[in-house]
Amino acid sequence: MPELPEVEVVRRGLERWVAHRTVAEAEVLHPRAVRRHVAGGEDFGQRLRGHRVGVPSRRGKYLWLPLEDTGQSVLAHLGMSGQLLVQPHTAPDEKHLRVRVRFTDALDTELRFVDQRTFGGLSLHDNTPDGLPDVIAHIARDPLDPHFDDEAFHQALRRRRTTVKRALLDQSLISGVGNIYADEALWRARVHYERPTAGFTRPRTQLLLGHVRDVMNAALSQGGTSFDSLYVNVNGESGYFDRSLDAYGREGLPCRRCGTPMRRRAWMNRSSYYCPRCQRAPRVSS
Ligand SMILES: [Zn+2]
């Protein structure tokens, strides 16, 4: 699954190529891609036609295109293999092209939703007063959002009877942090993933948030090189920032800080990677 930085790279690409353009036609080539739209692909296309796309927005890993003057937005579910591509309209169709959007004021390019495994899709939703698609109204702000409230996050951590990695992945507390960047931030902060949050001091919360933001900003700056290209890709080979990971996927390799072999532990149907020396396990695990 793409995480926040990958989704933000796509959002910036869409802002450059799709914002303020008017939909001429939205063609659904595979019904599964709009399965969340119960009225079907034909209806989906009709509801987009003639409307101007606003500035693409993101909260956590969720990405949407507002449709101006409708009070609605198109939410993109990228799933495991979904891609939003901006292509010259002369480019041959991708094998797994699911939805094509043409614009009245950009005749040379089109927006394509391509998805090999069809777990992803596009759906249309009413906006909340805050301008969020209503289905994601419960998603917390992400740590790169200027309105993210560090103090409220700290208080929520203290109140919850939970452990730190669970809290980082809880989309109602903080959004956009997935398994990979949670492990990276915890390694940087030297905090074990099972550390209970109830005892977190304000400086520790601040340190952790700082590392979460650093990890994401570092990933964003790596992905930034592709903003100028026409091809916007989230799940493609160049879309992931794994070359600079310090924790995730490094089982048995020396910790880049102390040289101790890194460990991997099964954790909630996933894995947690950590340094047993830099990230000491809490004495009493919850
Ligand atoms: Zn270490």
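Helices (H or I, at least four residues) and strands (E, at least two) are DSSP runs, numbered from the N terminus. This is a predicted model, in which local features need pLDDT of at least 70, side-chain atom pairs count only at pLDDT 80 or more, and totals for chains, interfaces and linings use all residues. Residues are numbered from 1 along each chain as its sequence is written, and side-chain values use heavy atoms, with hydrogens and water left out. The domain assignment, which is automatic or from a database, divides the protein chain into domain 1 (4–136) and domain 2 (150–274). The centres of the two domains, taken over C-alpha atoms, are 28 Å apart.

**Zinc site**

- The zinc ion has C255 (SG), C258 (SG), C275 (SG) and C278 (SG) as its protein donors, at 2.2 to 2.4 Å. Donors are N, O and S atoms within 2.8 Å of the metal (3.2 Å for Na, K and Ca); water is not among the atoms, so sites may look incomplete.
- The arrangement is tetrahedral because the four donor atoms subtend angles of 101 to 114° around the zinc ion. Four donors count as tetrahedral if all angles lie between 85 and 135 degrees. The ideal angle for four tetrahedral donors is 109.5 degrees.
- Along the chain, the donors have the spacing C-x2-C-x16-C-x2-C. C255 is in the loop between α6 (202–223) and β9 (263–267) and C275 is in the segment after β10 (270–274), so the pair ties together parts that are 20 residues apart in sequence.
- Both C255 and C275 are buried. Buried means under 20% relative accessible area, exposed over 50%, and partly exposed in between (1.4 Å probe, protein chains only).

**Helix α2**

- Helix α2 covers residues 41–48, and its buried residues are D43, F44, G45 and L48.
- These buried residues pack against β1 (23–28), β3 (62–67), β4 (72–77) and β8 (121–126), where contact means heavy atoms within 4.5 Å.

**Aromatic pairs**

- Rings of Phe, Tyr and Trp (its six-membered ring) pair if their centres lie within 6.5 Å; planes under 30 degrees apart count as stacked, over 60 as edge-to-face and the rest as tilted. The count by this rule is three aromatic pairs.
- One of them is the tilted pair of F148 and F153, with 5.7 Å centre to centre and 55° between the planes. F148 is buried at 10% relative accessibility, and F153 is buried at 3%.
- Another is the edge-to-face pair of Y248 and Y273, with 5.0 Å between centres and 65° between the planes. This pair links distant parts of the chain, 25 residues apart: Y248 lies in the loop between α6 and β9, and Y273 in strand β10.
- Y248 is partly exposed, with a relative accessible area of 28%, whereas Y273 is buried at 12%.

**Charges over rings**

- A charge sits over a ring if NZ of Lys or CZ of Arg is within 6 Å of the ring centre and within 35 degrees of the ring normal.
- K165 lies over the face of W267, 4.5 Å from the ring centre.
- R204 has its charged end over the ring of F200, at 5.5 Å from the centre.

- Most residues other than glycine have a negative phi.
- H20, which is not a glycine, has a positive phi of about 70°. H20 is in the loop between α1 (4–17) and β1 and is partly exposed at 40% relative accessibility.
- M268, also not a glycine, has a positive phi of about 45°. M268 is in the loop between β9 and β10 and is partly exposed, with a relative accessible area of 43%.

Terms used: Tetrahedral: all angles 85-135°; square planar, octahedral: opposite > 155°, others 65-115°.
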